[in-house]
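Have a look at it first, then read on.

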Amino acid sequence: MVKGQGGIELLMMGAIVVLIIFMAGLLPTAAVKYNLDKEAIFEYKYNKVQHTLLTLFSVTHDEKKVSELIAEKFFIDKPSSVDFLKPILDKQIESKCYQLNVSNKILLSVDDCNPSYWINSTIVLPYNPNKLVEEIKVGIE
Amino acid sequence: MNKAQAFSISSMLEILISGVFAVAIGWLLIGGHASITQMSIEYENERHSLTLANIFDSRSDIAYFDGYQYHRDVLDKTNLVNLMTKKQDFISNWQTKINPDPRLSENFSYPDSFAVIIVLDLEKQSGGKYDGWVTTLSGTNRTFSLDDFLNCLKEKINPDDIPNLFTLDSNLHEIFKTEDCKTPMYSKILDYGFPVAIGYQYDDVHAGLIKILVIEW
């Protein structure tokens with residue numbers, strides 16, 4: 001062994017061990033922060049999509065309940081009957097990414113948007129003699 | 001270098017490296033724990049703002065009542081007028097209206113906290129700002145000086161920022177100068193807000209937003 005080589009090797013080893021311990025200590029902290037962050041965002045988004053659906057069921061347009069207009073749009077397929085919802089949802093959903101489906105038929109959607117938080121409920125279809133309720137789904141990014 | 005010299009250098013290096021290890025491990029244990037605790041408290045604060053929003057939307061003195069049942073997420077306009085401060089009134093008298101309302105604060109706030117609740121009517125606009133209502137709350141069980149905090153807010157808040165509370169992109173924690181008044185924890189998650197409906201009459205229900213800032217000590 002060349003003189004001094006042992007000391008340098010020891011120093012290198014020490015540095016590597018310190019680095020490993022540092023990473024080992026840092027990674028769990030980072031993982032906890034990541035999970036807490038994800039949990040808080042999940043809670044926020046899940047709440048947000050619920051409030052969006054509840055609001056859709058309650059809001060009126062020209063003295064008519066939006067839930068009735070959604071049913072009309074689904075059953076009669078009246079053109080642009082729910083388009084008035086777009087400016088409202090654009091304001092309520094900051095990402096401006098949302099989708100409204102009734103029985104898997106898309107009634108309102110935004111281009112290049114894939115919602116990841118969904119909520120479903122049932123909507124009354126007063127004009128449909130075959131089935132009086134259908135599943136309504138709202139998704140936000 | 002003789003054997004004795006080489007041995008003493010090697011021993012010194014070992015002692016040095018052991019010392020570095022000890023300091024590094026100590027730092028990680030103490031620092032890491034402190035960091036995790038701080039993060040949990042931070043997120044608890046965000047959760048409190050979400051919970052407050054959900055409770056507010058369902059309160060019997062706020063929610064719309066049709067004679068048979070209360071409607072969650074539909075805020076009765078008459079109740080908002082009675083229990084909160086109207087936009088114009090808040091903009092003109094924010095220095096007095098910023099004081100917590102005891103009617104809502106009682107049984108509806110976290111201890112050691114100050115909260116701001118803003119309801120915006122997204123279907124009514126004037127001068128580029130949405131129509132809305134504001135209230136502030138503070139838990140009755142306090143260990144901080146509410147007067148000192150309110151005085152700080154009154155001194156630091158820029159009056160020109162107050163009308164911006166009634167816009168979509170207002171950052172409540174920035175307008176309420178949470179950094180300048182040295183508040184330890186404040187929520188950011190409901191700066192944009194949750195969708196709500198505002199009931200004027202049975203056949204006139206507007207879309208709205210509820211924004212909440214919770215500051216905790």
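Two residues are in contact here if their C-beta atoms, placed from the backbone, lie within 7 Å. By that rule, the contact takes 31 residues from chain A and 38 residues from chain B. Keep in mind that this is a predicted model, where local features need pLDDT of at least 70, side-chain atom pairs count only at pLDDT 80 or more, and totals for chains, interfaces and linings use all residues. Residues are numbered from 1 along each chain as its sequence is written, with chains lettered from A and ligands numbered from 1 in the order in which they are written.

**Where chain A touches chain B**
- Helix H1 (5-58) and helix H3 (85-92) of chain A each give two or more residues to this side; helices (H or I, at least four residues) and strands (E, at least two) are DSSP runs, numbered from the N terminus.
- H1(A) brings the largest share, 23 residues.

**The sheet in chain A**
- Four strands form an open sheet in the order E4-E3-E6-E5 (chain A), with antiparallel pairing; two strands pair if DSSP finds at least two bridges between them.
- Strand E4 (105-109) and strand E5 (117-124) of chain A each have a single partner strand, so one side of each is left without a neighbour in the sheet.
- Eight bridges join E5(A) to strand E6 (residues 133-140) of chain A, and Ser121(A) has Ile136(A) in E6(A) as its bridge partner.

**A residue in chain B**
- Leaving aside neighbours within four places in sequence, Val119(B) is in contact with residues including Leu75(B), Trp133(B) and Ile210(B).
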